[in-house]
Amino acid sequence: MFVYHAKLTGCRTEVLSKHKHNEPLPETVLRVKALESLLVEKGLVDPAALDELIDTYETRIGPRNGAKVVARAWVDPAYRDRLLSDASAAIAEFGFTGRQGEDMVVVENTPQVHNMVVCTLCSCYPWPVLGLPPVWYKSAPYRARVVAEPRAVLAEFGYTLADDVEIRVWDSTAEVRYLVLPMRPAGTQDLDEELLAELVTRDAMIGTGLPRSPRA
Amino acid sequence: MPVLKAENVAAALREGSTARLAQDLPARFVCGQRVRVANINPQDHTRIPRYVRGHVGVVDSDQGVFIFPDAHARGEKVAQRLYSVRFTGTELWGPQGKADTAVYVDLFESYLAPQ
């Protein structure tokens, strides 16, 4: 929520600040704590496994995985073709498999089409390539507005596209998880795969952003 | 139910658990076909977002066969074909929608009727 709010300007901020009821409440935190201690006391959850899960997504699995996939697709046309025709298999070539990435689809940005991803029903997100979703991705304002006015939402993230670019929003309502393949930035012909990966931001792979420009 | 131990976390995450089924089913719809989404409002689980109920879209792709979540929520494992359906901004939002925006929603076969 904070990240999303920080990106908003002018009257939008005022409108959305009324949506405070969507922010996590201390009551929710208390409920989570109560549930956790109950599950641990009953022996249904191993606290060491919880720590391991948190550590995995805090330090090992995150958007750097997706950035490697994108950079490979930019330098290797055969890999790009595999990624667009069978994303799960192409991503598995890097070993990025598993929970919430079992059935992947990659959608490609072009000069005519810009793609954005949402889960209007909850917070579905491709964990093996992007890690866990940012808080704004799970917030009601993002989920409600991106399907109705994607161009305005993108502008609030700081990006304005030409009027003739079609925006496609992918709502992950079932078990398919989506990753955006952004366009390779101009002026990067001399960069190798590793340097290209550094330009690929998390938001560029959700479609709420674009890759960084070199030396920007 | 076995308790997940710390030493098994990495393997469990890496393996995941797909809802895709190897089972083949006939496809009732083809890509390019116009379909109308059912306007149903069940008390229990469905994966039809309210904003597409009753609206007309075009089948964009056949995603294959998956466990049908509406029945799975009741404990039944039913196979059903899933489609990605494209809706234009104007179809969904009327005059406030934009013709140059589209929303693609993954919808199960039983949610859809030929239009």
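**View 1. Chain A overall.** Buried residues (under 20% relative accessible area, with exposed over 50% and partly exposed in between; 1.4 Å probe, protein chains only) make up 45% of the 216 residues in chain A. This is a predicted model: local features need pLDDT of at least 70, side-chain atom pairs count only at pLDDT 80 or more, and totals for chains, interfaces and linings use all residues. Residues are numbered from 1 along each chain as its sequence is written, chains are lettered from A in the order in which they are written, and side-chain values use heavy atoms, without hydrogens and water. Chain A has 13 helices and four strands, taken as DSSP runs (helices H or I, at least four residues; strands E, at least two) numbered from the N terminus.

**View 2. Helix 5 of chain A.** Helix 5 covers residues 63-75. Its 13 residues should span 18 Å at 1.5 Å a residue, and the end C-alpha atoms are 19 Å apart, which agrees. The expected span is 1.5 Å times one less than the number of residues. Among the buried residues of this helix are Asn65(A), Gly66(A), Val69(A), Val70(A) and Trp74(A).

**View 3. Where chain A meets chain B.** The contact (heavy atoms within 4.5 Å) takes 35 residues from chain A and 32 residues from chain B. About 2800 Å² is buried between them, and carbon and sulfur atoms give 56% of that area. Buried area is the accessible area (1.4 Å probe) that two parts lose on being put together, summed over both.

**View 4. A salt bridge between the chains.** Arg20(B) and Asp103(A) join their side chains in a salt bridge, at 2.6 Å from N to O. The term means a side-chain nitrogen of Lys or Arg within 4 Å of a carboxyl oxygen of Asp or Glu. Chain A and chain B share four salt bridges.
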